[in-house]
Structures are given as structure tokens and as C-alpha cells.
Amino acid sequence: MYTERSIMLHKFYSSFMISLLLVFFLGCTSNGPVAVGEGSKIIGTVTYDRVPSKIGVYGDVKLDYDNIQAKTAKYVLVKALNENNQVLAETTTNEKGEYVLYVPKDTDVKIRVYARMFKKDVWNVSVVDNTNLKSQYVIEGSLSNSGDGISQRDLRAASGWDGQSYSASRDAAPFAILDSINTIMQKVVRANPDIVFPNLLVNWSPNNVASGGDQSLGQIVTTNYDGNNNLWILGDANSDTDEYDDHIIIHEWSHFFEDKFSRSDSIGGPHSAGDSLDIRVAFGEGFANAMSAIATDNPVYFDTSGPNQSTGWFMNIENETPENPGWFSEASIQRIFYDLYDSHNDGSDNLSLGFKPLFKAMVTKERNTKAFTSLFTFITALKSENPLEKNAIDNIVASENISPIRDIYGDYRTNSVQGMYTKPVYRNLKTGKWVNQCNQNNFGVYNKLGNRTYMKIKINASDIYTISAKPYGGDYGDPDIVLYKAEYPFKSMGMSPLEGASSDELTVNLTPGDYIAEVYDASFNNSCFVVSLNKGISTLKTTRNVQKTMAKRRPRNMPQY
């Protein structure tokens, strides 16, 4: 990024590299800015090369470089600069990619376009190169005399593709990313015209690869939202590029939306359509997949990758054959979301709510729910906002083998998953009482169904309380207890401190209200514990720091993929 008193210059890159901007301070000039309507008028349209996707005969997906399309760059920042790089005028393009600038007459001027979508006090989204000190991507024209009338200067961000490979700067990529984000943002704006978006920084580079390590070197693991107003986008040619995969971009932006406008309790981690997932993960990923289809009005979700970006995959959000359907499945949740939204009614889908009711449920009751965010909390909120549509909503939910949702906790579940019985979604833990809790890794570890048990706690009197977990039966594990106050923003109040011990407990001061405890085995064994809640101080001796232990064993800002 740079201010009005600095400038970043392009640096030529060889194959697979992109424009580099360097900073130096401006000199003075006598030809300063002019008022709007005075001087010479420059008009133009900003476009970028959009590479569409194409489904192959064998069901693979590739980028179709034979049909590159010129698309307009909407709401991006445009500046007019003189030969000393002083800013003479600035504006943003409109929804058609058009701009108008007024500059001094008979002055050498060039136009610079920033990969930054900007509207004062409404949105500010910038695409930067995380492998080059977060430098701002731009394209610019050459110096030319402004004359004394009207001149037109159109600018185009090229893909850099020569028919065989990326042999030139991939200038179009940052603008393609912005356009995908704009697509979903405008859907949200239509639902709430007064909405104000937090600043968002999009980190993209052709050096961004699918490996972990140093993000400043491009080692970002995968395209993700990190919970800190950052998107990270893959750009490694012939491996995995995501700049033209609009569904992928919108999916990650949807995690940003959950974080800033609704609520996400997801613990992140790996997931796929057929998994039996932790309810928080299933909801977050299913919602984000559905949002990509809702924003584009295209249920075909794709991800291109491989040599020449030609061996990707796709799925149909609306009518993919159900695999392991249920309230624990991201695939079921994405189909439910899209069926609630779309106007194509079929089978059990006889409802077309559009986006606004879904948006309203997410930003109001879903945001403030007392349970972890899940399909249960969302459907409960949606039915309360749309009471006349309860039966139609239940029918859509039932199409995924899910019985009617009656409350935010998912009570009345039979909990039979692939023929296997799982514990109730939430258990009740009362003061002076105990419950048996068992952990299962039958469906995988960390973020899969059965790995964690949720417990509802109601405190009636202020006091010191201790939640304990001790081994039950022959299989010993490493219990962890995390406690949450059941109110927005639903942040952890603390975590039991011991590592590698077969018993653990958490002692905290509690005031009257509702709480949720999450209990799991940190070693992810099939183990059982007796979990109790009592007034009084901990009896287990520990000198470990709770916050350090928590950060070590359960990252608080784990990226969402």
C-alpha cells in the first residue's frame, strides 16, 4: 500500500512473476490538482481478463484460456498522476468499470488503477502481494498530454497467458479476485443497503503455494480466511491457482462475513462432503459453499488446479447425490441453504425465500444464539423469522434425513450416524451432579462428530465453580475442558490446564447465567470420563498457564478453509 505522498513502481518479472511496486517520495510540481469540472476531462473504462472454467468430458474442470473474457473492474480506485508522480485527481470506477477525472490542461498525465475496491466509509478491499511486503497491485498507462478538452483512456489488466503458459505479468488476477468479492458483497448490500464492511486485506501472489511455513514466502497451506481480516489466496501456476475460481473466493469471504456480521464457532480443520463433522464445522463450511452458489446464482462449485490449471474438480451444490446426509454433513447443509434460497423448486423443495431472509436470520438470532452455531441454531432462527413457512422449511430439512428442528440445541435427535449411535448433541451438567462422557474417533479426529461433547450449564448463584473430568472405565485419555459464556461473542472463559494427565479440571468464578462446556480427549483416543460440576476451588495441583496451554493445544484463530 502507499499514500498520496509515495508511489510504487512496476518492476519487470520473468515468467510466473508479477508486477513489483517500489516506494519513493514525490517531488514538487507546479501543475497541481484542479476542481471537478475544470481543466481537461479524462474518461475511460477499466477491464480485466477473466478466464472462465470449463467442465471436461471426464468430469474434470479446467481454466478455459481459449475463451478469455473482458470483464469490467467495478468500484476500483483510479488516480491521475503527472510526470513527478504527484496525484492530480482520483476517483473510483462505477458498476460498469467507467471513471471520470479532471486534470490540469496541457499536462503530461498517466492513469493508474489500483487493485483496491473502495467506497468511503462503506468498503475497502485491497489485494496485495504478501511475498513482497504487502505491496499494492496496480496497472497504469503511459504519460500523455491531457490537452484542453476530453480524452479517453481505457486500461486493461491482462491475464499474462500466451497460449501455453503464463509468460507475462498476471495483472488480471488481483482484479478477478476483487470482482468475485464484489459479487457477494453486492448480494449482501441488496439485503441491507446500509451495511458497512470492515476493511479486508486479500493476500495473493503467484508464489502462494499449498504448503505450510512462512506466509511472507507464500507458504499459506491453502486459500483461507484467517480470522484477522485477511484472505489468503493460492496462486502457484501448474499446481493450484484460485484467482479465477470465484466459488472458492466467495467461500472464504463468507467466513469473513460470518466472523464480522453473524457468528462462527467453527474450530476449523480438514473436511469433505462425506464427513461426519463437528456441528460447528459442518455448518460453517456448508454455509460458505452455499453462499458461493447464492452469490453467483450458479450451483456448480469448482476448483481448478494441476498442470495448466486443467485437472480440477466440481460439485453441484443443489443436486449432488447425497453422501452420508445429516445435520453433521456440510453437503446436507449447503443443499438446505441453497434450496431455501433458489427459485428452482423440486422434490421436497417448494420454497423460494431468496437471500434476504437467510441474511436476516444470520445477523440477528444466529449471531446471538446461546448454543454453538450449527444447522440447529440457523433453522430455529429462520423459522422464528418466517413462521408461515415452518412446514416448508421442515420439508427441505427432512430431505437430508433430518427430523424437524425444534430448538437451538438439536434436541430430539436419534443420533444414528452410519448405523452408529452417538451421544446426544448436548448434555445437561448440573451443579453437584456428574455425567459420563465418551469420546469417539470413528469418523476421524479433531473436528469430527464424536470427538467433542457439549454440555449445557445453568448457574443460579455467583460463586467459584470447578468442572472436573476423571477417567471412567479402562481406556485412559487426556481430557480437556473449555468453558464458554452462552452470549455473544461466545468467547472462551478458560481451559483446563493440564497436559498429558488422565484427569483435569477448570476452576472459574461464575455469575448467574447460561454456559456451554466443551469436553474432549486431547489425544483423540476412544476414552470415557466422568465430568462433574461443583462449587469450590480446584483440588488438582498445576502451575501451568491456562492461556498458554489453550493457545498451544487449540488455536483460537485457526484458518477456515
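Tutor: Let's start with Lys260: at 26% relative accessibility, Lys260 counts as partly exposed. Buried means under 20% relative accessible area, exposed over 50%, and partly exposed in between, with a 1.4 Å probe and protein chains only. This is a predicted model, where local features need pLDDT of at least 70 and side-chain atom pairs count only at pLDDT 80 or more, while totals for chains, interfaces and linings use all residues. Residues are numbered from 1 along each chain as its sequence is written, and side-chain values use heavy atoms, leaving out hydrogens and water.

Student: Which side chain does Lys260 meet in a salt bridge?
Tutor: That of Asp259, at 3.6 Å from N to O. A salt bridge here is a side-chain nitrogen of Lys or Arg within 4 Å of a carboxyl oxygen of Asp or Glu. Asp259 is partly exposed too, at 29%.

Student: How many salt bridges does that rule give?
Tutor: The count comes to 18. One of them pairs Lys187 with Asp297, with the closest N and O atoms 3.5 Å apart. That pair links distant parts of the chain, 110 residues apart: Lys187 is in helix H1 (residues 172-191), and Asp297 is in the loop between helix H3 (279-296) and strand S22 (300-303). Helices (H or I, at least four residues) and strands (E, at least two) are DSSP runs, numbered from the N terminus.

Student: Is Lys187 buried or exposed?
Tutor: Buried, with a relative accessible area of 10%, whereas Asp297 is partly exposed at 47%.

Student: New topic, helices. At what angle do H2 and H5 cross?
Tutor: Roughly 50°, and the axes of H2 (residues 246-261) and H5 (residues 355-363) come within 9 Å. That makes H2 oblique to H5. Angles under 35 degrees count as roughly parallel, over 145 as roughly antiparallel, 65 to 115 as roughly perpendicular and the rest as oblique.

Student: Which residues meet there?
Tutor: Phe257, Glu258 and Phe261 in H2 meet Phe359, Met362 and Val363 in H5, where contact means heavy atoms within 4.5 Å.

Student: And the sheet with S34, what's its strand order?
Tutor: S27-S34-S29-S32, an open sheet of 4 strands with antiparallel pairing. Two strands pair if DSSP finds at least two bridges between them. S27 (433-438) and S32 (504-510) stand at the edges with a single partner strand each, so one side of each has no neighbour in the sheet.

Student: How many bridges join S29 to S34?
Tutor: There are 7, between residues 463-471 and 528-535. In S34, Phe529 is the bridge partner of Pro471.

Definitions and conventions: Axes fitted to C-alpha atoms, helices over the stretch in contact; angles between N-to-C directions.
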